[in-house]
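Welcome! Open your viewer, get the selection tool ready, and follow along stop by stop.

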Amino acid sequence: MLLLGCIKEVSEYELVISLPNGLSGFVPVTQISDAYSKMLSKEVAQGELLEDLNSLSDIYSPGSLVRCIVTSVEKSADGRRSVKLSIDPKKVNKGLNASALASGMLLSGFVSSVEDHGYLIDIGVTGTHAFLPRQKAQNYIKAVKKGPDLKIGQNLNCVIVEVKNEGRVVRLSIDRSEVAASIATEQQNWTLSNLLPGLVVKAQVRKVAPFGIKLRFLSSFTGIVDFMHVDPEKSMTYSPDQVVRACILSVHPTSKVVRLTLRQAFLHPGGSPNQLSHDRLGAVVEESTVKAFYKQFGAIFELDDGTLAFARLKHLSKTRKSFKPGAFKTGCKHKCRIIDYSLMDEMCIVSLKYQIIEARILQYQDIHTGDVVQGKVFALKPIGMQVKVTDGIKGLVPSMHLADVILKQPEKKYSIGDEVKCRVLECNPAGRRLILTLKKSLVQSKLPVLCNYEDAKPGLITHGTVVCAREFGCIVKFYNDVKGLVPKNELSSEPISCPDKVFHEGQVVKVMVLKCEPQQERLLLSFKLSSEPALEDKKECIPKKNQEVKYQIGEMVDVKVLKKKDNGLEVSILEDKGNVIAWIPTAHLSDFVATCKLLWHCLQEGDVLPRVMCLSDKGERIILSRKAAVISALREEQVVRSFAEIQTGMLLTGYVRNVMPFGVFVEFPFGVTGLAPKVSMSDKFVTDTKDHFVVGQTVIAKVMSINEEKQRVLLSLKVSECSSGDSVAESFALLNQYFKEIKEIRNLLRRKGEPSMAQGLSELVPGKELQLVVQNVKEDGSAQFSGSCVTGLTVTATRYHLGDKNIVPGEKTKALVLHVDALSSMVYVSLREELLKQK
C-alpha cells in the first residue's frame, strides 16, 4: 500500500512517520535508497566513518512529507502492531516505467551522486537516468539551509521538466515554486497501477456523506475523502459537482481504493502540515466538547484552547461493554488526556480512559533518571531482562543489574509477567532508550542520585556500582554513565594490596566525592566516609558567634561578606562590630532564582549588603534573607508565628524547602511548613515536580486544609488560587523589584574582573543598538560577532534573528541586544529589520 506520510521523529537508525488517521510507521535506515544503503555497507565493511555519509538527522527533519510503501505489518508479543515502511524510490515508484514518464509529473527521488554541473537522482525507474541541473536546485538549497550542497540519500520532490529518448533520460527541477504549482493532469496519462500519493489533482465532488466526500478526478478515477481530511473551515459548504483541489493520501494495491485530503496544508506540493505544539503532550483537559461522533471510528473533540482532537473508539471507554454511545452526542463534555499528535491529520490524539488519564507515566519524557518505576518482566535475553513499564515503554535491565549479586541463572528468579520495582539508571527519550536496575541497594537507597558531573560536590555521599576493580583501585559507576575513580589509598583505612580480591564487579558501594572536574568529566572518590578533610571542612563551616547575642526573626541588619562558599555567603553583622557570624544561603539572595546565581557570582569578599533580614536564630548559626517578598510579608504582619495561627484560605509568602516526587514542601518565616501535593502545584498538568520548582524559590501559597491532630498543612501553589485580587499591581511590583536587582548587579559588574569585559556587560541592556563585525556563520545558520563594544564576550544570533540577510565573515552590521547572560558572558542579538526600525 502506498501512503503519504510526515516525518515525526528522526533517530540514528530509523525515521518515525506519521500516517493518516492517527497511525504511525517506521522506516529503517536500510530502506532509504540504494545509494544510501551501499554507503552504509561500505562503512560497515571498512570499519570507519565515511566523510560523505550523512546521518539521518543531517538529511531529514521532522515535518517533511514523504511517499512511503508498507513493507510489513508485524504483531509484537504484547499485541501491538508495528507498521514497517520504505521510502526507497524503486519500491514507491515501481508502477512507473520509462515510457510512462511525462513532462510535469511530480515524483519522489533521492540524490545518488553529486556531479560538477548537477546531481544524479534515483527516481526508481529502471532504464531511466534522471539529472537535476544545479541552477534548478539553488532556490531549494538556499531555502532549506542544510549546507551548500544536496546530500546523498536526501529525499526530494522532483518535477519532470523534459523527457528525452523515450524516457531513458529526464531532466528534473526541485525549484520550490515549480514544485508547489505542479498538478497531475490527464495528459500525463496516470493509471491506477502507477498513481502516487502526494499528487495534487483537480477533482469534482460526486457525493457528500456524514463520513466524508466522494470525488472524481483525472476524468475517470474516483476517491474518498474521510471525515478527518475535510477542510475544517469549509466542511459545511461542499456540494455535488463542486470543483476542488485535492491531494492523494493513499492508494490500495488490490482494492485500488484511493483516499484524498482537502486540507489546505497538503494542496501545494513541497509544503508541510501545520506543526502541533508538543507542550501539551500528556496534558489532562478537564472539559473537551464532542464535535462529531462516528460509531465505527471514534469521536472528534474540541479542546479548551479551540484545537481539534480525535479519540479512537477503543479510547472512548475502559471496555467495549462499558461504552455508551449516548454520552457522545454533539456538545457533550468529557475529561480526556492528550496522548499523541498526528501531523498528517493536524490533530491531537486523546484518550478518555481513566487509567490513561491518571497514569503517572505516558511517554519516555515522563521518566527521569533516578525515578523508581513499576514494570512487568517482558523477556529474558543474554544481555539482560526486558521490562514493560507501560504499553509503549520498555526498558532493559542489564545482566549486572538483575540483583545485588550477579545471577548465573536469572530464569530461576524471574518469570515472564512478574511485577518488578526498578530504578532508572538512564533515560534517553530521543533514542527511546531506558536502562533500569533491580539492585535492592540502589532501588531502596535514600541517598542523593548522582546523574551528572556538575552535581558531584566534594563531601557528597551516594550509592554507586563497582564496574572495575584493578591494582590501581576501583571504578564506580552512577547514573547516566557518570563514572569516578576510587584510588588505592582511598579504598579503606587499612591498606589493601589486591583490590580485585576485596571488591567485585556489580557490587553496590557507598562512596564520598573528594574532587570533581565537570569539564574533564573526572571524579575522585573515597570509600572512607569519615575522612579527615571532610571533618576539617565541617569545622570550618561552623561559624564563630557570640552566643549571648540574640536576633529576632524579622530584624533588619547590615552585613559584610566574609567568605563565598558553594551554597551561600558567610557574613558578619556590622551592628555587632563584626563579632557575630551569620549565613545567607544563595537561594535567599533574591526572590528570583536566576538573580540569586548572578548576585552570588558578582559579590566579592568585603562587600557590604544593607537591610538583610534575620530569618532564623536557632542552632549553630543565624540564617539571613534578602528576599523582598518575605521581608514585605513580615513587615505587613502577613505571617503566622505558630501552627495555631494558621487558618484555611490564608495567603502566605514562603520559600520551597524540598521538592519531592509527590509534591513540594514550603517553609514560612518562624519555621511553619506545609505540603503542596502534586495535584495542587500548578494549573498545568504536573509530570515531574522538579520541572516546576527548585529549592529556595519564593512562592505564595494558599492554605487549603489543616490537620491539627497530625499538625499537617496542605497548600495550593496554583497561580489561579494564589492571587490576592489585584494581579496587575502584583505583577508590576515583581517586575519593578526584578529590574531594581538587575540594576544592582550591573553596578557590581562595573568593578568586577577584567575592566573591559565587566564594563561591557554592565552597559549592555536589551534594546541597545550595536555596531558589530561578523566573525563566522555556523552550519545551523546561526552567526557569531565581534566588536570593540563586546570585547571578551560571546555575541551570537540565531538563524531566525538574522532575518533575510545573507551575511559573510568580516561584514559590518547593526544589531539589537535581545538578552545578556552575565554568568556565561553571552550576548544574544538580532539583525531583523522590524526590530532595528523600532529604535
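Which domains does the domain assignment of the protein chain give? Domain 1 covers 1–182, domain 2 covers 278–358, domain 3 covers 445–530, domain 4 covers 630–721 and domain 5 covers 753–837; such bounds come from an automatic or database domain assignment. This is a predicted model, in which local features need pLDDT of at least 70 and side-chain atom pairs count only at pLDDT 80 or more, while totals for chains, interfaces and linings use all residues. Residues are numbered from 1 along each chain as its sequence is written, and side-chain values use heavy atoms, with hydrogens and water left out.

Next, select domain 2 and domain 3: their C-alpha centres are 50 Å apart.

Now select Leu 150. Its contacts (heavy atoms within 4.5 Å), not counting residues up to four places away in sequence, are Val 111, Val 114, Tyr 119, Leu 132, Ala 137, Tyr 140, Ile 141, Leu 156 and Ile 174.

For the last stop, select strand β44 (residues 812–821). Strands are DSSP runs (E, at least two residues), numbered from the N terminus, and two strands pair if DSSP finds at least two bridges between them. Five bridges join β44 to the antiparallel strand β41 (residues 769–777), with Val 773 opposite Lys 812. Five bridges also link β44 to β45 (residues 826–830), again antiparallel; here Val 817 faces Val 829. Four residues separate β44 and β45 in a hairpin, and Ser 825 in the turn has a positive phi of about 55°.
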